[in-house]
Amino acid sequence: MRMENCRGSIFACCMLFIALLAGGENLPTSKMKENCTYAVTIETTCTKGAETSNPVSLRFGDTKSNDILVTHLNSKHVRKVDPLSPVVLDDMPRKPFQACMVDQFQVTGRCVESPVCYLYLKLGGTDDWRPGFAQVRALEGSHHSSEYFYFRRNLPRHVWHGSDVCDKEVTPFGVKHKRKVFD
């Protein structure tokens, strides 16, 4: 029996709806379970030895604990862009994280429900890498895009390093941020 055939009391309709839910009838899925596409832009600074060929991981999310993890960001490379203007320098995928370059990556993951407010990078291998900034643009909803996250120093290896501006509380002693702990 389908909901369209429900005629009569509200109680009977409610009971039928509960039975359909229990029976696994297909209902519209929530936005949480859908995947969204993100454009991640990362700059590598121009200092000597700033580039890396080692694997880089990315983790970002929103205040509602929607966490997107990309374990090998290097493989998601789309293109290099000119740091001074949004002109595309190449349409062919090339090696990311070269000195004085801005790289763009395309990432698919669960949809965020509020603006991206934390971003962490993790460098594997033995190279040093000095990113300048990173930004996440939500392609399905630009109002969920992030601000810029600035690094401008060598990342420690094998450790998540970044910024979290999600949970902050203003106290008489300054702004207090809650720390995220990742494995």
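Welcome! The model is a predicted one, in which local features need pLDDT of at least 70, side-chain atom pairs count only at pLDDT 80 or more, and totals for chains, interfaces and linings use all residues. Residues are numbered from 1 along each chain as its sequence is written, and side-chain values use heavy atoms, with hydrogens and water left out. The topics below are a four-stranded sheet, two salt bridges, three disulfides and six aromatic pairs.

**The sheet**

- Strands here are DSSP runs of at least two residues (E), while helices are runs of at least four (H or I), and both are numbered from the N terminus.
- Four strands make an open sheet in the order E3-E2-E6-E9, and their pairing is antiparallel.
- Two strands count as paired if DSSP finds at least two bridges between them; E2 and E3 have four, in the antiparallel sense.
- In general, the strands of a sheet pair through backbone hydrogen bonds, either parallel or antiparallel.
- Strand E3 (67-70) and E9 are at the edges with a single partner strand each, so one side of each has no neighbour in the sheet.
- On average, neighbouring strands of this sheet are turned by 10° against each other, direction ignored. The axes behind this angle are lines fitted to C-alpha atoms, for helices over the stretch in contact, and angles run from 0 to 180 degrees between N-to-C directions.

**Charged side chains**

- A salt bridge means a side-chain nitrogen of Lys or Arg within 4 Å of a carboxyl oxygen of Asp or Glu, and by this rule there are two.
- Aspartate 67 forms a salt bridge with arginine 59, with 2.9 Å between the closest N and O atoms.
- Relative accessible area sorts residues into buried (under 20%), exposed (over 50%) and partly exposed (in between), using a 1.4 Å probe and protein chains only.
- Arginine 59 counts as buried because its relative accessibility is 12%, whereas aspartate 67 is partly exposed at 26%.
- Arginine 59 also has its charged end over the ring of tryptophan 160, 5.1 Å from the ring centre. A charge sits over a ring if NZ of Lys or CZ of Arg is within 6 Å of the ring centre and within 35 degrees of the ring normal.
- Aspartate 128 forms a salt bridge with arginine 157, and here the closest N and O atoms are 2.5 Å apart.
- That pair links distant parts of the chain, 29 residues apart: aspartate 128 is in the loop between E6 and strand E7 (131-138), and arginine 157 is in the loop between strand E8 (149-150) and E9.
- Aspartate 128 is partly exposed at 36%, and arginine 157 is partly exposed at 35%.

**Disulfides**

- A disulfide is a pair of cysteine sulfur atoms within 2.5 Å, and the structure holds three.
- Cysteine 36 and cysteine 111 are joined with their sulfur atoms 1.8 Å apart, and the link is right-handed, with 90° about the S-S bond.
- Cysteine 36 is in strand E1 (residues 35-44) and cysteine 111 in the loop between strand E5 (102-110) and strand E6 (118-123), 75 residues apart.
- Cysteine 36 is buried at 7%, and cysteine 111 is buried at 1%.
- Cysteine 46 is joined to cysteine 100, S to S 2.1 Å. Cysteine 46 lies in the loop between E1 and strand E2 (56-61) and cysteine 100 in the loop between strand E4 (77-81) and E5, so parts 54 residues apart in sequence are tied together.
- Cysteine 46 is exposed at 53%, while cysteine 100 is partly exposed at 32%.
- Cysteine 117 and cysteine 166 form a disulfide with sulfur atoms 1.8 Å apart, and this link is right-handed, with 95° about the S-S bond.
- Cysteine 117 is buried at 8%, and cysteine 166 is buried at 13%.

**Aromatic rings**

- Rings of Phe, Tyr and Trp (its six-membered ring) pair if their centres lie within 6.5 Å; planes under 30 degrees apart count as stacked, over 60 as edge-to-face and the rest as tilted.
- A search of the whole structure finds six aromatic pairs. One of them is tyrosine 118 with tyrosine 120, a tilted pair at 6.0 Å centre to centre and 50° between the planes.
- Tyrosine 118 is buried at 2%, and tyrosine 120 is buried at 9%.
- Phe97, Phe105 and Trp129 form one aromatic cluster.
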